[in-house]
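Here is a short note for a colleague who is new to this entry. Please keep the structure open while reading.

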Amino acid sequence: MDADFTPVIDGLAADGWTVAHGLLPESVLLALMEEARQLHDSDRFREARIGTGGSEVQREDIRSDSILWLDAASAPAGRRSYHRMIEQLRLALNSTLFLGLIDFECHYAVYEEGAHYDVHVDRFRASDARMISVVLYLNEGWSTADGGQLRLHFMDKMHDILPELGTFVIFRSDTVPHEVLPSTRARYSLTGWYRRRSFTDIFP
Ligand code: OGA
Ligand code: MN
C-alpha cells in the first residue's frame with residue numbers, strides 16, 4: 001500500500017520542516033541498513049566535501065562524515081522501494097505545493113564516533129536547484145546518550161531529532177539551518193535532495 005503523505009506535506013507547508021515515521025516497511029529499512037553497512041565495510045565511502053562545482057573543499061573542522069552517492073538505476077531490490085516512495089512523494093509535493101521538482105540526488109552517509117556537521121543550510125551559493133532535503137536514519141536502538149542528533153534551528157528554537165531507524169525528516173533546503181551533533185557510535189543515514197530546474201545551473 002502506498003504511504004499517506006498528507007501529514008508530511010501539511011507539516012512542510014506550515015513550518016518548513018517535519019518528521020515522519022512508517023513511510024517504509026521494516027523489511028525495507030533493514031535492507032537499506034544492511035546495504036549501507038556492507039558498502040561502508042567494503043570501503044566505498046569517501047570523506048565528504050563542502051561546496052559544489054569547482055569550489056569543493058574538504059573541511060573536517062566543518063563536516064567530518066563520509067558519503068557514497070547512489071544511483072537509482074542500479075539500486076538493489078531493497079533500495080528500489082525507497083526510490084519508489086521518493087518518487088511518489090515528489091509527485092505529491094508537485095501536485096500540492098507546485099514545487100516543480102524534477103530531479104533527486106542522494107547519498108549514504110556515515111558519521112563515525114565524534115564526527116559532526118556544523119550549522120548550515122543545504123542550498124549552495126552557486127546553485128538554487130536544491131529545494132527540499134530528506135534524511136532517513138538507519139540506526140537501531142539509538143538513545144539520547146548516543147548523541148548524533150540532527151538539530152534544526154527554527155523560529156529561534158532548536159529541535160533535536162534522534163537518528164533512529166525509520167525516522168524520516170523533511171525540510172526546506174534554503175531556509176532551515178541545521179547541524180549534526182557528534183555521536184558516540186557510528187551513525188548511518190540516507191540523505192537526499194529534490195531539485196528544480198535552475199537558471200543558475202544553465203548559466204553558471
Ligand atoms: C547533510 C545533512 C543531516 C543528517 O548531509 O547536509 O545535514 O542528519 N545531514 O545526516
Ligand atoms: Mn544539511
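The points below go from the overall fold to the metal site.

1. Basis. This is a predicted model, where local features need pLDDT of at least 70, side-chain atom pairs count only at pLDDT 80 or more, and totals for chains, interfaces and linings use all residues. Residues are numbered from 1 along each chain as its sequence is written, chains are lettered from A and ligands numbered from 1 in the order in which they are written, and side-chain values use heavy atoms, with hydrogens and water left out.

2. Fold. The protein has four helices and eleven strands (DSSP runs: H or I of at least four residues for helices, E of at least two for strands). Its radius of gyration is 16 Å, close to the 17 Å of the globule rule for 204 residues, so the protein is as compact as a globular protein of that length. That radius is taken over C-alpha atoms, and the rule is 2.2 Å times the number of residues to the power 0.38.

3. Burial. Of the 204 residues, 48% are buried (under 20% relative accessible area, 1.4 Å probe, protein chains only).

4. Contacts. Take the contacts with a separation of 6 or more: 79% join residues 24 or more positions apart. Contact means heavy atoms within 4.5 Å.

5. Metal site. Which residues coordinate the manganese ion (ligand 2)? They are His-120 (NE2), Asp-122 (OD) and His-178 (NE2), at 2.1 Å. The donors follow the spacing H-x1-D-x55-H along the chain. Donors are N, O and S atoms within 2.8 Å of the metal (3.2 Å for Na, K and Ca); water is not among the atoms, so sites may look incomplete. Both His-120 and Asp-122 are buried.

Methods
Buried means under 20% relative accessible area, exposed over 50%, partly exposed in between (1.4 Å probe, protein chains only).
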